[in-house]
Structures are given as C-alpha cells and as structure tokens.
Amino acid sequence: MTSQCIAFFNAVLLTAILYFSNAEATSRADLSDEKLLIRTLLEDYAKLGKMGRPVKQQNDTLPIYYGLSLIQILDLDERNQILSTNVWASYQWTDIYLKWNVSDYNITNVRVPTDSIWMPDIKLYNYADTRLEEKRDALAVISHDGGVVWIPQAVFKSSCSIDIRHFPFDVQTCVLKFGSWTYDGSKLDLEFLYTVKGFEMTDYIPSNEWDILDSSAKKNVKYYPCCPEPYVDLTFTLKISRKVAFYNYILILPCVLLSSLTLVLFWLPPESPAKMQLGMNIFVAFFVLLLLLAESTPPAASSIPLIGAYYCLNMILITLSTLLSVIVVNLYFRGSRTTVPRLLKKIMLDGFARIFCMRNQLVDKGEEDQIAAATAANYVKNNREKKHSDFKYDRVGCYELQTEESWRGISNGNSMHTPSGEADASFGHQFSALEAEVREIRRHMKLMWDKSSHREEKERLAREWKVMALVLDRLFFFLYLVAIFASAFTIFETTMDKPTK
C-alpha cells in the first residue's frame, strides 16, 4: 500500500513538472530576444544580489567615469546663497555580472531599470535642498561587455558663497563637489567622463541674468576627520558674471541723476525756500534706492555693496549740504547785527572770492568812501540848486552871492538913504537871524549825513554777510563736487579692477 502511494505521488509530481516546464517553454517562445535577454540578466543578477560592488576581488578598485552637461542656470539666490542648475549627470562603469554573448541574442545593448542593479552612491557634497532626491528616473543602458551608462536629468541646488561687495558688477564663483559618500578611494575611483575639464556646454541655454566666464573641474583626494582612508571627489567650478543692463536703469542711472541734481542745491539762491525742500526730497529718493538695493542683496554682515556705501555717502553729503545751506541762509539774512570777523573776512572775501572769481560782487572800502562822498555832494548840490518860492533859506543864498559892502547898507529891501543908526540895528538883527538859520542848516546837514553814513554802514555790513554766504555756498559746492567725484571714482574703479576668485 505504501509503495503504491509513493508511486502515485511521484506520478503527480512528474506531471506537474512537465506541465510547468511546457508552460515556461511556451512563455519563453512568446518573448522577444530583447525581453528574454533582460529577463535572464535580471534573474541571474538577482540571484547574485545587487548589494556590493561588481568586482571579482574585494581589493579591486572600480573606476567610475562621471561628467556633467550644463543645460541651464535656473537661479542664484543671493539671499539664501543657493545656486540652482539644470544638468544631465552622466555615469559610466563596468559591471562584470551584466555580460552576454552577442551571438546568442544578436543584441549589443539593452535598457534596464536602475533599481534592479548595483548603482554607485555619487552624491553632491554641498547639497542645499529640502528635496530628498534631485534626479529624475532614467533607465540604464547595458552593453554586452558589461558597460553601464546612466544619464539622468537632475536639478542641483548647491550652496554657493556669495560676495556682494561689487554688486551689480559682481563675479560669483560657485562649485559643485561630487564624490562617493561611503566608498573610499581604494574601493571606488572617480574619473572625468568627457575630455572637457569642466561642464559640457553643448546644449546650454543662455541665462537672462548671468554670463558664464569660465568652467573648470578638478579631481581631489582628501582625508576627512571621520575616516583614515582617502576619499576622491570631482569638483566642478562655474564662474559667472551678472548682466548689469537691468540694474543700470534701476540703481545706477537714478543714482547718477540724483547725485547731479544735488549739485543744483548749491546754485539755488540762499533766500529761496526750495533750497531746503530740494535737499530733503533728494535724501528721501536716495533712501528709496537704498531700500531697493537691500531687497536685491543678501543681508551679509561681512561686507556691503560698494554701491550701497555710495548711497550712504551721498545721503551723508546731502545731510551736510542741507546743514550748510542752513548756515548759508543764516549768514545771508544776518544783516548788520554784527561785523564780519577780520580773519574770516581776510580768508573768504580776499582769498576764496578771488579764487572763485567773485570779486565783482565785492566793493572795497575806498570805493565805498568815494561813493558815499559823491552821494553827499550830489545831495548838497541838488538842494542848493533847488528853487522854490516857499523855501525857508532862500535869502541865505542871496546874501552869499553878494559882497559884504553891497549888502551892509541894505535893510530888508530899503535903499542906502536910510539913516545909519536904524540900518545898523536892522542889520544886526538880520545877521543874528541869518547866523541862527545857518547853524540850523548845519545841524540838519550833519544829521542827514550821520543817518546816511549809518544806513550805508548797515548796508555794507549786510552786503558783506551776503557775500560771505555766497562765497561759502560756492566753497561748499566745490567741496561736494570733489567728494562726489572722488567717491564715485574710488568705488567704480575698485569695481572694475575687482580681483577674480
């Protein structure tokens, strides 16, 4: 009975084996050579296991050839110091467990998913991305001799040290450092895939904001504190310069125009109220430009843009110019309350006024005395020649034009036949009255002379203060002009001669 049961089970097992063998043969007959080859390769590879390097001996070094094709510079975030690039990463190595005879399948290469075979753990060292994976899925191309080529698309976000000192004429140098994260140089060796030492630029799309000045790459062997073994990395360097056309119209041109407009501040007359208003408006405009600059640059404490320093310098100069305008206006309207100090007058009126060709606005003291004397003489002459019937002192002039003998015998229009005693008494009375009137005339003339001299002295002092204010205004103008040109020349020359990294 037992022997019969065993024979029965053997017959069933044989029938099942024959059935499945026929089904597998039928399914294999329905597959194409490519599918059959891929199925065979992956099944055999799964039996061996995809963990571990595809090498015969443990001490063998597996060379990996790596290259980057730059497609586009997506963005350079200065505030967060992150460079975003669109690249094609190219990998090439040899897997000895993925070989076959071309004569068996008449196929030289096939495409397989990368999650079924061993893959090198090449990572971006200066990784600065919140995403867990930067590469898109792509099939690996397997050649009959075991060669593996894998070219995935990737968007790398790498950290990049930003120097904003020369913004917007800055040149930035960013590096992308690639290497195996776990295999040291004795296990896995990195080499460049392309003959070009740097990014491969065949399919590059030009950026609207950055121009590429240079692209290079270098192989490094470095020891880290964690491990005694040397680790190999490939460092790709990208040197880019900013296109300044946009910033020329947003930051540079308004700055030049406002700096030029500030010069007008010193050419406005001191009595104009627009002098102070214009200074404050220019200050506010520079402050707005400084806010725009702050939005475009990262808040780096180590350095500030030179153009920002130029803005701040302009704001300081505008503040000083407004303060100096207040001083000028105060001097202009100071009047005759105080005299100009002799030393200040010597320096300003006799020194800077001649240098600035402003002597035509000054009047020397000798010229002032001559003008005052001529004015007084003309006044007396005009009063002497003035004829009016009611003028109180007409007879004074009448007696002055006659000799003493001619008017001694005349008494208020009477003839020479008047008795001598009466004539002498009348004449003495008239002479006393005449003498009193002359004294009154002299007193009035002295009073008028004193008033005229006092008024002219006040006008002279006021004119000296006004001329002092004009000379100071002109001096401040030239000082501001020198400061603006010196600062602009220093800043922009430093920018143009900036050292390359």
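Me: Which residues does Tyr223 touch, not counting residues up to four places away in sequence?

Reply: In this predicted model, Tyr223 touches Pro228, Glu229 and Pro230 once residues up to four places away in sequence are left out. Tyr223 itself is found in strand E10, which covers residues 210-223, and the C-alpha atom of Asp184, a residue 39 places apart from Tyr223 along the chain, is separated from that of Tyr223 by 9.6 Å.

Me: Is Tyr223 buried or exposed?

Reply: A residue counts as exposed when its relative accessible area is over 50%; Tyr223 has a value of 54%, and therefore it is exposed.

Me: Where is Thr235 found, and is Thr235 buried or exposed?

Reply: Thr235 is found in strand E11, residues 230-242, and because its relative accessibility is 14%, Thr235 counts as buried. Its side chain is joined to that of Asp233 by a polar contact of 2.9 Å, while the residues that Thr235 touches, not counting those up to four places away in sequence, include Val175, Lys177, Ser216 and Asn220.

Me: How many residues does the largest nonpolar core have, and which have the most contacts inside it?

Reply: The largest nonpolar core has 52 residues, and those with the most contacts inside it are Tyr66, Leu68, Val110, Ile142, Phe156, Phe178 and Phe236. Strand E1, residues 62-77, supplies the largest share of this core, with seven residues. There is also a second, separate core of 40 residues, which includes Ile252, Tyr310, Met468 and Ala488. As for Phe178, its contacts, leaving aside neighbours within four places in sequence, include Tyr66, Leu68, Phe156 and Phe236.

Me: What should I notice about the backbone at Pro168 and at Gln81?

Reply: Phe167 and Pro168 are joined by a cis peptide bond, with omega at about 0 degrees, and Pro168 has its place in the loop between strand E7 and strand E8. Gln81, although not a glycine, has a positive phi of about 55 degrees; this residue is found in the loop between E1 and strand E2, and because its relative accessibility is 32%, Gln81 counts as partly exposed.

Me: Where does pLDDT stay under 50?

Reply: Where pLDDT is low, the predicted coordinates should not be read in detail. Here pLDDT stays under 50 over residues 22-27, for which the model has zero contacts beyond four places in sequence, and also over residues 406-418, for which it has twelve such contacts. For the chain, the mean pLDDT is 77, and 75% of the residues reach 70 or more.

Methods: Residues are numbered from 1 along each chain as its sequence is written. This is a predicted model: local features need pLDDT of at least 70, side-chain atom pairs count only at pLDDT 80 or more; totals for chains, interfaces and linings use all residues. Side-chain values use heavy atoms; hydrogens and water are left out. pLDDT is the predictor's confidence in each residue, from 0 to 100. Contact means heavy atoms within 4.5 Å. A nonpolar core is a set of buried Ala, Val, Leu, Ile, Met, Phe, Trp, Tyr and Cys residues joined through side-chain atoms within 4.5 Å. Buried means under 20% relative accessible area, exposed over 50%, partly exposed in between (1.4 Å probe, protein chains only). Helices (H or I, at least four residues) and strands (E, at least two) are DSSP runs, numbered from the N terminus. A polar contact is a pair of N or O atoms within 3.5 Å; within protein, one must be able to donate a hydrogen and the other to accept it, and residues adjacent in sequence count only if both atoms are side-chain atoms.
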